[in-house]
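The following note sets out points on the fold, the surface and selected residues. Please read each point alongside the coordinates.

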Amino acid sequence: MTLRFSVLASGSTGNAVYVETETERLLIDAGLSGKKMDELFTKIGRDPKELNGIVVSHEHSDHIKGVGIFARKHKLPIYANEKTWQAMDSQLGQIATEQKFIFKTGEVKSFGDLDVESFAVSHDAAEPMFFAFHHGGKKLVLATDMGYVSERIKGTIEGADMFIFESNHDMNMLRMGKYPWSVKRRILSDVGHISNEDAALALSDVIRDNTKRIYLAHLSLDNNMKDLARLSVEQVLKEQGMAVGEQFELYDTDPLKPTPLAVVS
């Protein structure tokens, strides 16, 4: 009973995550061009034609840029909640009715031996949701694009064996950076993105003894750096009494390169 995944791409320029079991293969979001998505699948040694579908978290372009073309090319079903469908339908191009499926927020949808639990997040989209994947007693959580991490979300994601978790920006880099104040205010708001420090504080509430890996995801190209995110999160977690590097490890993600396929153990 094996659950595997790769963060194909993660960042403000595009996001996509691949999840598989022995029988099921899912793509979560496709925020890069169809050509780039094909290249990413080649890099992890997987064929997009074998996917069971694309699950969409929300309609922002860094999550859906390649959804339409990828679904048409590989004849894939697309799953999203109703409000996300309404918001993104015109952006995807022509999608056959038989490829459109509803995945309600708060629902657990079973794809063969893979159970996907959706949960609402606070973000400035129509009805954004992210996911906990359950298979063979193992749990993988994908949680990005969050203005803040509510107690409800913590209750859903706690105790995951592995996390793909937003660590979007360094607060000082954002405040001192080139973005106009209106954009900074949006990022810092309750419907924006969470900082390195806030990510670490939230993680400290949901990590359990079984947690083995945390992938820091959705880093801002302009307001963060891999080393800074990792060191900031590590420092806060250690201050919270967490055994970083002993009980669990922190991993980087990249906007253009997939992480090696990993087994959720």
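1. Overall dimensions. Along the principal axes, the C-alpha atoms fill a box of roughly 50 × 45 × 35 Å.

2. Basis of the values. This is a predicted model, in which local features need pLDDT of at least 70 and side-chain atom pairs count only at pLDDT 80 or more, while totals for chains, interfaces and linings use all residues. Residues are numbered from 1 along each chain as its sequence is written, and side-chain values use heavy atoms, with hydrogens and water left out.

3. Secondary structure. The chain contains 9 helices and 14 strands. These are DSSP runs numbered from the N terminus: helices are H or I of at least four residues, strands E of at least two.

4. Sheet. An open sheet of 7 strands has the order β6-β5-β4-β3-β2-β1-β14, with mixed pairing. Its edge strands, each pairing on one side only, are β6 (100-102) and β14 (262-263). Two strands pair if DSSP finds at least two bridges between them. Strands β1 (residues 4-9) and β2 (residues 16-20) run antiparallel and are joined by 5 bridges; F5 has V19 in β2 as its bridge partner.

5. Of the 265 residues, 56% are buried (under 20% relative accessible area, with a 1.4 Å probe and protein chains only). Contact means heavy atoms within 4.5 Å. Among contacts between residues at least 6 apart in sequence, 64% join residues at least 24 apart.

6. Charge. The chain carries 31 positive and 38 negative side chains, and the centres of the two sets lie 5 Å apart. Lys and Arg count as positive and Asp and Glu as negative, without His and the chain ends; each charge is placed at NZ of Lys, CZ of Arg, CG of Asp or CD of Glu.

7. T84. This residue lies in helix α4 (residues 82-88). T84 has a relative accessible area of 0% and is therefore buried. Leaving aside residues up to four places away in sequence, T84 touches V56, S57, H58, E59, A126 and E127.

8. V121. The loop between β8 (114-120) and β9 (129-135) holds V121. At a relative accessible area of 9%, V121 is buried. Beyond four places away in sequence, the residues that V121 touches include F130, D145 and I153.

Note on methods:
Buried < 20%, exposed > 50% of the residue type's maximum accessible area, 1.4 Å probe, protein only.
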